[in-house]
Amino acid sequence: MSEHGLRIAVAGATGALGQEVLAVLEQGPLAIAELAPLASMAATVTELRWRGKEYTVGLVDAESLEGMDVIFACVPRGVADELLKDSAEAGCLVVDLAGVFLTDRSVPVLGLGLNPVEHESVREAGAFIAPGGLALALAALAAPLRDYGVVGMRGTALQSAARA
């Protein structure tokens, strides 16, 4: 972290999820010294505006991720998986919003109301998976059941093929 704030990359900044992350970061109080909006070669947007400044959208590659403190992974699985995993191993915190680390059991799933924050496991993995909206909504609905001794539950959620 620089003395002026965090160095943050948003991998997938031109997609719907990346745009939402940028909007939340723009409104929030987080001190950001450097922002790197990144996208895959398939992206058609080459520039974007954030906090009143024009940014050129860079390519998600090893060079653009180097030296970042936090990377928000908003790219589809398979686009930059190895790069993101290498960044986590190099000491960068990767916030997985796209399921890149979904099959890695060592990477914790963290969500408000879903489970307690396990700081040590996040530090060890260098990343955490942020569950999707459905999981968070179900966690909020199920939270009161803990008062009655329910410690787990199973279910099936059916989503459209377009979201899979």
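Predicted model: local features only at pLDDT ≥ 70, side-chain atom pairs only at ≥ 80, totals over all residues.
Which residue in S8 does Asp96 stand opposite? Asp96 stands opposite Ile129.

**View 1. The whole chain: 5 helices and 8 strands.**
The elements follow the order β-α-β-β-β-β-α-β-α-β-α-β-α from the N terminus. The protein chain has 164 residues, and 37% of them are buried. Its accessible surface is about 10300 Å². Carbon and sulfur atoms hold 56% of that surface. Take the contacts between residues at least 6 apart in sequence: 50% of them join residues at least 24 apart.

**View 2. An open sheet of 6 strands.**
The strand order is S5-S2-S1-S6-S7-S8, with parallel pairing. Strand S5 (58-59) and strand S8 (127-129) are the edges, each pairing on one side only. Strands of a sheet pair through backbone hydrogen bonds, either parallel or antiparallel. S1 and S2 are parallel and share 6 bridges. Within that pairing, Ala11 has Leu38 of S2 as its bridge partner. Helix H1 packs on the sheet and touches S1, S2 and S6. The direction of H1 makes about 155° with that of S1.

S6 pairs with strand S7 (residues 93-96) in the parallel sense, over 4 bridges. Phe72 has its bridge partner, Val95, in S7. S6, helix H3 (residues 81-89) and S7 together make a β-α-β unit, and the unit is right-handed. S7 runs parallel to S8, and 3 bridges join the two. Asp96 and Ile129 face each other here.

**View 3. The largest nonpolar core, with 22 residues.**
Six members touch the most other members: Ile8, Val10, Leu25, Leu35, Trp50 and Phe72. Two or more residues each come from strand S1 (6-11), helix H1 (16-27), strand S2 (32-39), strand S3 (47-50) and strand S6 (70-73). A second, separate core has 21 residues, among them Ala9, Leu38, Ile71 and Ala73. Zoom in on Leu35 in the largest core. Neighbours within four places in sequence aside, Leu35 contacts Ile8, Val10, Leu22, Trp50 and Tyr55.

**View 4. Ala33 in strand S2.**
Is Ala33 buried, exposed or partly exposed? Ala33 counts as partly exposed because its relative accessibility is 40%, and that class lies between the 20% and 50% cut-offs. Ala33 and Leu6 are 27 residues apart along the chain. Their C-alpha atoms are separated by 5.4 Å.

**View 5. The S3-S4 hairpin and Arg51.**
S3 and S4 run antiparallel, joined by 4 bridges. Leu48 has Tyr55 of S4 as its bridge partner. The hairpin leaves 2 residues between its strands. Arg51 sits in the loop between S3 and strand S4 (53-56). Most residues other than glycine have a negative phi. Arg51 is not a glycine, yet its phi is positive, about 50°. With 36% relative accessibility, Arg51 counts as partly exposed.

**View 6. Gly78 in the loop between S6 and H3.**
Why does Gly78 count as exposed? Its relative accessibility is 60%, and the exposed class therefore applies, as it covers values over 50%. Gly78 and Gly99 lie 21 residues apart along the chain. Between their C-alpha atoms the separation is 9.8 Å.

**View 7. Val100 in the loop between S7 and helix H4 (119-125).**
Val100 has 5% relative accessibility and so counts as buried, a class that takes values under 20%. Which residues does Val100 contact, leaving aside its neighbours within four places in sequence? They are Arg77, Asp81, Leu84 and Lys85. Val100 and Cys74 are 26 residues apart in sequence. In space they are 9.1 Å apart, C-alpha to C-alpha.

Note on methods
Residues numbered from 1 in each chain as written. Heavy atoms only, no water. Core = buried A, V, L, I, M, F, W, Y, C linked by side-chain atoms within 4.5 Å. Buried < 20%, exposed > 50% of the residue type's maximum accessible area, 1.4 Å probe, protein only. Contact = heavy atoms within 4.5 Å. Areas by Shrake-Rupley, 256 points an atom, 1.4 Å probe, with all protein chains shown as cover. Pairing = 2+ DSSP bridges. Axes fitted to C-alpha atoms, helices over the stretch in contact; angles between N-to-C directions. Right-handed = clockwise from strand over helix to strand, strands pointing away.
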